[in-house]
Amino acid sequence: MLVYLKIYRYNPEAGRNVPSFDTYNIEAEPTDRVLDLLEHVKGNVDGTISFRRSCAHGVCGSDAMRINGRNMLACKALVKDVGTEITVEPILGLPVLKDMIVDMEPFFNSYKSLMPFLINEDVPADGKERRQTPEQLERFEDTTKCILCAACTTSCPVFWSDEQYVGPATIVNAHRFIFDSRDQAANTRLEILADHGGAFRCRTAFNCTEACPREIHVTQAIAEVKNAITSGGVEH
Amino acid sequence: MASKIKPSFETTAWRWMRYSGILLIPLAWFHVYLQDVIVGVHAINIDYVAVRLADAGWVTYNFFLLLFAFAHGMYGLRQVMFDYVHKERTRRIFSILLLIVWLVISTIGAIALAMGARPELVQ
């Protein structure tokens, strides 16, 4: 089938200061991925097109982009699912550096502000590992699936307009430790999220849940964090 | 871990928004059902309002309706304001202004409800 591919172009270093679109007609299979089309253009037509990709199998999360207006991983979006007219743009809300490449620094700074690592000062009971029941794991397992692609955060209308909002991905990754029975800093994280720019900026638009390529129940995770804050914290 | 987290202003404001939202469902819908379905808009006149506002129970009901609806709306307006105002100081000024507006309008509304309707002034 013939695919009409429209690619966002912006490269101030090469004189393309004004964002515009380049268009291509490409012969593709229905099972081709949008990433395959981009690779085809970059390899055979125009080598200056820039986009991030690494594993190309939906694990690294580097090729999140807006495909026909929706945030997706280019390596997971199939032509048969997105149609034969495809528009590819960078994710919204982060400064565009070049074509589909955005500055992820604000996103990762927000992520780091919630201490996304296990905090436990005690020595494990057996001196080796901190054990957990299947039920305790189940409490936060969904949010461990996050690959930090930023598809959720950059689909959030609150994040687009308010850079002080930490964004869904940060809350998801805080959730992963807040409800982990082995962690001891849940309430410190909840206090940060209870403040300005925290969980209460979420308006439950559900864009994040729809955008997540890992099918994490993002809005539900945010709601659980809100509940934890209003009920005075989490006790393990 | 036993320590409770300190309640923040944002937490209290959000909780107030949720509780007022829940309370508004019965308050607003019963109001609409009573006035528009049971009584009917054509049967409502100044005498009807005067009778209603002479009853302390209805005055309290209307006051809660005003208070919760307005507080709920003000919280929403504050969230929208945050989308457009990004400086911390300006945000604080607008938040205080919204609080003042809420207090003033609620007080005016409460006074109006307490004074009731006086048909003799209309006729």
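Happy to! Fourteen residues on each side meet here: 14 residues of domain 1 of chain A are in contact with 14 residues of domain 2 of chain A, where contact means that the C-beta atoms of two residues, placed from the backbone, lie within 7 Å. On the domain 1 side, the largest share of the residues touching domain 2 of chain A, four residues, comes from strand E4 (residues 70–73) of chain A. Helices (H or I, at least four residues) and strands (E, at least two) are DSSP runs, numbered from the N terminus. By class, that side of domain 1 of chain A divides into eight nonpolar, four polar and two charged residues. Here Ala, Val, Leu, Ile, Met, Phe, Trp, Tyr, Cys and Pro count as nonpolar, Asp, Glu, Lys and Arg as charged, and the others, Gly among them, as polar.

Before going further, a word on the model: it is predicted, so local features need pLDDT of at least 70 and side-chain atom pairs count only at pLDDT 80 or more, while totals for chains, interfaces and linings use all residues. Residues are numbered from 1 along each chain as its sequence is written, and chains are lettered from A and ligands numbered from 1 in the order in which they are written.

The domain assignment of chain A gives domain 1 (2–101) and domain 2 (104–230), with bounds from an automatic or database domain assignment. Their C-alpha centres lie 29 Å apart.

Now for what lies between them. The largest nonpolar core has 74 residues, and A:Ala74 and A:Val225 have the most contacts inside it. Such a core is a set of buried Ala, Val, Leu, Ile, Met, Phe, Trp, Tyr and Cys residues joined through C-beta atoms within 7 Å. Domain 1 and domain 2 of chain A both give residues to this core, so it lies between them. A:Ala74 touches A:Arg33, A:Val34, A:Leu35, A:Leu38, A:Asp63, A:Met65 and A:Ile67, leaving aside residues up to four places away in sequence.

A residue is buried if 20 or more other C-beta atoms lie within 10 Å of its own, exposed if 12 or fewer, and partly exposed in between, with C-beta atoms placed from the backbone. Along its principal axes, the C-alpha trace of chain A spans about 60 × 35 × 30 Å.
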